[in-house]
Amino acid sequence: MEADAVVVGLGPGGEQVAEELASAGVDVVGIEAELVGGECPYWGCVPSKMIVRAADVLAEGRRIAGLAGTSVVTPDWGPVARRIRDEASDSWDDTVAVERLEGKGGRFVRGRARVVAPDAVVVNGERVTARRALVLATGQRAFVPPLFDTVPHWTNREAVAVETLPASLLVIGGGAIGLELGQAMARFGTSVTIVETAERLVAHEEPEASELIADVLGREGVDVHTGATVERVEAFGSTGATVHLEGGPALRAERMLVATGRRSDLAGLGVGALGLDEGAPAIPVDGRMRVAPGVWAVGDVTGKGAFTHVAAYQARLCAADILGHPLPEADYRALPRVTFTDPEIGSVGLTELQARANGAVEIYSEPIPESARGWIHRGEGLVKLVTRDGLVVGATSMGPTGGEVLGLLALAVHARVPVDALRSMIFAYPTFHRAVDSALWASSSAAKMAGA
Ligand SMILES: Cc1cc2nc3c(=O)[nH]c(=O)nc-3n(C[C@H](O)[C@H](O)[C@H](O)COP(=O)(O)OP(=O)(O)OC[C@H]3O[C@@H](n4cnc5c(N)ncnc54)[C@H](O)[C@@H]3O)c2cc1C
């Protein structure tokens with residue numbers, strides 16, 4: 001088989017490249033080992049956010065007391081499982097996505113491809129040659145450390161597909177996936193314990209965010225262990241696990257979710273045929289997603305940020321480059337990240353610690369409860385801006401709509417909006433994003449500005 005372009009892996013990144021090329025009249029073959037659409041719609045972003053949305057509604061119901069009367073909240077996982085099955089994943093069936101690609105003129109092959117030359121892969125025993133472009137978009141999979149692999153466990157895949165929740169859940173990993181699913185399931189009544197090796201949850205975010213989310217989870221009854229070293233793991237009953245912490249308690253639960261990160265399988269993909277290191281964590285790409293002449297890569301497999309919006313951004317650059325009208329090169333300065341806990345933790349650009357490594361910075365911050373909207377809502381969180389030479393180089397927006405407020409801050413980083421321009425702006429009262437204005441004008445921030 002031959003085609004102008006061969007796209008391996010049809011998650012959000014590869015699917016977009018294949019569809020854009022096919023729409024432009026390029027002869028494309030898309031190859032997918034599992035489901036067209038990839039991790040995001042079937043086992044990732046979409047089902048997890050449906051779970052989070054449902055859990056947030058429960059939490060709002062419980063907040064009626066003291067604000068609007070009384071409430072009795074009776075969680076039911078049934079509607080969540082149904083939405084994930086019927087609306088998010090179509091019962092884990094990709095017929096619609098395959099037809100969409102074919103409807104645009106692309107050809108589709110189901111199978112696991114292996115690169116055998118810079119212009120060819122082998123799939124289902126057949127060689128597929130790329131006349132113009134080979135695009136690698138094979139994503140990542142959950143990484144389960146060997147210590148946990150020998151006992152029954154869930155990854156995100158099993159967790160989002162459950163029909164009924166366990167009575168107790170051990171979550172290994174205090175990053176975005178572990179916290180989102182852990183908090184949500186706890187709100188449905190599961191007794192949740194989170195174990196994190198690092199000294200704090202969401203360890204890549206600002207310490208203030210880590211501290212607050214640990215506090216919120218604790219108040220919601222989630223048992224959080226940070227700085228924990230797992231000594232030994234053994235099966236508990238037929239489905240569960242017991243985790244022994246060094247110098248700490250033995251933790252056991254009916255189920256264990258391992259959310260300790262995700263990895264690409266470059267050896268399985270055979271990138272050695274491109275002269276690349278198969279033991280590397282990612283495929284190196286330039287600003288136009290080029291790997292080598294005639295070869296491009298997009299999405300999680302490039303290691304530039306494991307987010308659907310990164311895959312989509314890179315896919316646009318990649319398709320444009322293949323079509324011969326390249327866009328400006330990739331710029332990740334304003335890459336936004338959102339952990340969809342409640343409160344949401346949104347961040348963009350550099351943290352204070354990262355920025356300080358390269359010189360002096362000025363910090364502006366405001367707790368959400370001190371802003372009018374935060375106080376009215378009884379919301380929690382903070383806004384924090386990291387600035388250098390009068391420009392915002394990073395920001396955190398943690399709060400009831402932290403991910404939405406982040407848009408303003410991402411724009412500031414992306415467009416290099418001067419702090420003075422932000423300070424002279426009129427922010428609607430009383431909104432959550434007005435906390436940015438308060439941060440910029442707060443006396444504590446002014447003191448920090450003055451170096452106090
Ligand atoms: C629980 C969870 C929640 C998430 N929530 C969010 C969120 O809220 N926001 C966000 O932006 N991101 C989120 N993500 C991350 C997001 O899902 C990924 O960043 C995104 O799916 C990456 O897209 P991709 O195209 O690079 O790879 P993938 O979606 O991983 O797709 C790669 C595809 O390649 C296929 N493949 C692999 N190897 C081969 C081969 N050799 N031959 C053929 N096919 C192959 C795979 O089967 C897969 O379908 C979440 C992830 C998880 C797990």
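## Ligand contacts

In this predicted model, a backbone N or O atom of alanine 33 lies 3.1 Å from a nitrogen atom of the ligand. Two further polar pairs involve oxygen atoms of the ligand: one is 2.9 Å from a polar backbone atom of glycine 13, and one is 2.8 Å from an N or O atom in the side chain of lysine 49. On its own the ligand has 990 Å² of accessible area, of which the protein covers 92%.

## The shell around the ligand

## Helix H11

Helix H11 covers residues 308–322. Just after H11, glycine 324 adopts a positive phi of about 85 degrees.

The buried residues of H11 are Val310, Ala311, Gln314, Ala315, Leu317, Cys318, Ala319, Ala320, Asp321 and Ile322. In an α-helix there are 3.6 residues a turn, so residues three or four places apart point the same way. The packing partners of the buried H11 residues are helix H1 (12–23), strand S6 (126–136), strand S16 (290–292) and strand S17 (295–297).

## Alanine 22 in helix H1

Alanine 22 belongs to helix H1. This residue counts as buried because its relative accessibility is 6%, below the 20% cut-off. Leaving aside residues up to four places away in sequence, alanine 22 touches Val28, Lys104, Gly105 and Gly106.

Alanine 22 and alanine 137 are 115 residues apart along the chain, and their C-alpha atoms are separated by 16 Å.

## Serine 371

Serine 371 is placed in the loop between strand S20 (362–367) and helix H13 (372–377). With a relative accessible area of 4%, serine 371 is buried. A polar atom of the serine 371 side chain lies 2.8 Å from the backbone oxygen of isoleucine 368. Residues up to four places away in sequence excluded, serine 371 touches Glu366 and Ala435.

Terms used: Residues numbered from 1 in each chain as written. Predicted model: local features only at pLDDT ≥ 70, side-chain atom pairs only at ≥ 80, totals over all residues. Heavy atoms only, no water. Helix = DSSP H or I, 4+ residues; strand = E, 2+ residues; numbered from the N terminus. Expected span 1.5 Å × (residues − 1). Buried < 20%, exposed > 50% of the residue type's maximum accessible area, 1.4 Å probe, protein only. Contact = heavy atoms within 4.5 Å. Polar contact = N/O pair within 3.5 Å; in protein donor to acceptor, adjacent residues only side chain to side chain. Areas by Shrake-Rupley, 256 points an atom, 1.4 Å probe, with all protein chains shown as cover.
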